[in-house]
Amino acid sequence: MAERLAVVPLLAAVILAGLVIGSAPASAQPFAPTASCYSFSRTLSQGASGTDVRQLQIRVSGYPGYGGVLAIDGQFGPGTKAAVTRFQQAYGLSADGVAGPATFAKLSSLEDSDCTPVNFAYSELNRCNSTWSGGNVSAAQAKANALVTMWKLQAMRHALGDRPIQVNGGFRSVSCNNAVGGAPASRHLYGDAADLGAGVHGFCALSRQARNHGFSEILGPGYPGHNDHVHVAARSGRLWSAPSCGI
Ligand SMILES: [Zn+2]
């Protein structure tokens with residue numbers, strides 16, 4: 001927050017300088033100059049590509065629609081447009097699928113300075129070690145995968161009335177996974193899995209809602225070993241099973 005506040009006088013000085021010199025055209029809205037983690041510098045719409053599109057996709061990855069998974073590939077296609085539109089609808093913004101200052105400002109307001117969404121933290125997604133190493137992917141990849149999972153959970157949390165979602169664990173190294181008797185190919189080894197407690201929502205509400213937020217793997221009550229938590233993750237292909245919840 002200290003950095004954010006420091007930007008304000010600087011920005012004021014820049015605007016004032018522009019007025020004095022008379023060379024700065026009046027801009028309707030600045031491009032979220034206070035972004036805490038990543039600053040978008042242009043409007044993004046279908047057809048755009050680049051690092052900024054990829055950053056946008058990470059943040060709207062929880063809005064692919066029922067059963068969908070948004071590709072995080074830096075290419076702004078129809079799927080990204082639909083996800084941006086759903087995000088805008090979820091927050092009462094003008095829903096045109098074009099990401100401009102209002103959309104970036106809302107995303108920024110949902111983000112901490114370490115790029116994680118405000119209601120989730122890396123520490124929740126890794127109760128195994130502090131390095132994110134020892135899994136089936138590089139530490140950087142495991143952490144990046146966990147970040148996407150957190151944005152999906154943030155979307156799910158908002159859809160569930162902005163009430164807390166309890167995360168009991170995420171990434172596991174091979175040794176952590178073996179210690180808890182995890183499956184040899186567990187998504188926990190890749191960093192994209194999260195195990196959810198019942199919390200205020202209950203297992204079935206969590207299992208059902210997860211289907212709308214980009215989780216291709218949902219295992220809950222009635223699936224062996226999952227009567228005491230809901231497991232959500234990313235995988236190729238879909239595996240949804242929570243028979244006691246009708247899934
Ligand atoms: Zn799990």
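## Helix α5

Helix α5, formed by residues 139-159, contains 21 residues and spans 30 Å from its first C-alpha to its last, close to the 30 Å expected at 1.5 Å a residue; the expected span is 1.5 Å times one less than the number of residues. Helices (H or I, at least four residues) and strands (E, at least two) are DSSP runs, numbered from the N terminus. Because 15 of the 21 residues of α5 are buried, this helix is largely enclosed by the rest of the structure. Buried means under 20% relative accessible area, exposed means over 50%, and partly exposed lies in between, with a 1.4 Å probe and protein chains only. Just after α5, G161 takes a positive phi of about 85°.

## Basis of the model

This is a predicted model, in which local features need pLDDT of at least 70 and side-chain atom pairs count only at pLDDT 80 or more, while totals for chains, interfaces and linings use all residues. Residues are numbered from 1 along each chain as its sequence is written, and side-chain values use heavy atoms, with hydrogens and water left out.

## Overall architecture

The protein chain has 7 helices and 5 strands. Read along the sequence, these elements follow the pattern α-α-α-α-α-β-α-β-α-β-β-β.

Of the 247 residues of the protein chain, 45% count as buried. Among contacts between residues at least 6 apart in sequence, 58% join residues at least 24 apart; a contact means heavy atoms within 4.5 Å.

## Helix α3

Helix α3 (residues 78-90) has 13 residues and reaches 18 Å from its first C-alpha to its last, close to the 18 Å expected at 1.5 Å a residue. Its buried residues include T80, A83, V84, T85, F87 and Q88. The cover over the buried residues of α3 includes α2 (51-59) and α4 (101-109). G92, which follows α3, has a positive phi near 70°.

## The loop between α4 and α5

C115 lies in the loop between α4 and α5 and has a phi near 80°, a positive value in a residue other than glycine. At 21% relative accessibility, C115 counts as partly exposed.

W132 also lies in the loop between α4 and α5. Although W132 is not a glycine, its phi is positive, at about 65°. With 6% relative accessibility, W132 counts as buried.

## The zinc site

The zinc ion is coordinated by H188 (NE2), D195 (OD) and H231 (ND1), at 2.0 to 2.1 Å. Donors are N, O and S atoms within 2.8 Å of the metal (3.2 Å for Na, K and Ca); water is not among the atoms, so sites may look incomplete.

Along the chain, the donors of the zinc ion follow the spacing H-x6-D-x35-H. The pair of D195, in strand β2 (residues 194-196), and H231, in strand β4 (residues 230-233), links distant parts of the chain, 36 residues apart. Both D195 and H231 are buried.

## The largest pocket

About 360 Å³ of space lies in the largest pocket. Of the 21 residues that line this pocket, the closest to its centre are A183, S186, L219, H226 and H231. H231 is also among the residues that coordinate the zinc ion. On a 1 Å grid over the protein atoms alone, a pocket is an open set of points where a 1.4 Å probe fits, with protein on both sides within 12 Å along at least five of seven lines; lining residues have an atom within 4 Å of a point. Grid points are joined across faces, edges and corners, and the volume is the space filled by probe spheres set on the points.

The lining of the largest pocket divides into 7 nonpolar, 9 polar and 5 charged residues. Here Ala, Val, Leu, Ile, Met, Phe, Trp, Tyr, Cys and Pro count as nonpolar, Asp, Glu, Lys and Arg as charged, and the others, Gly among them, as polar.
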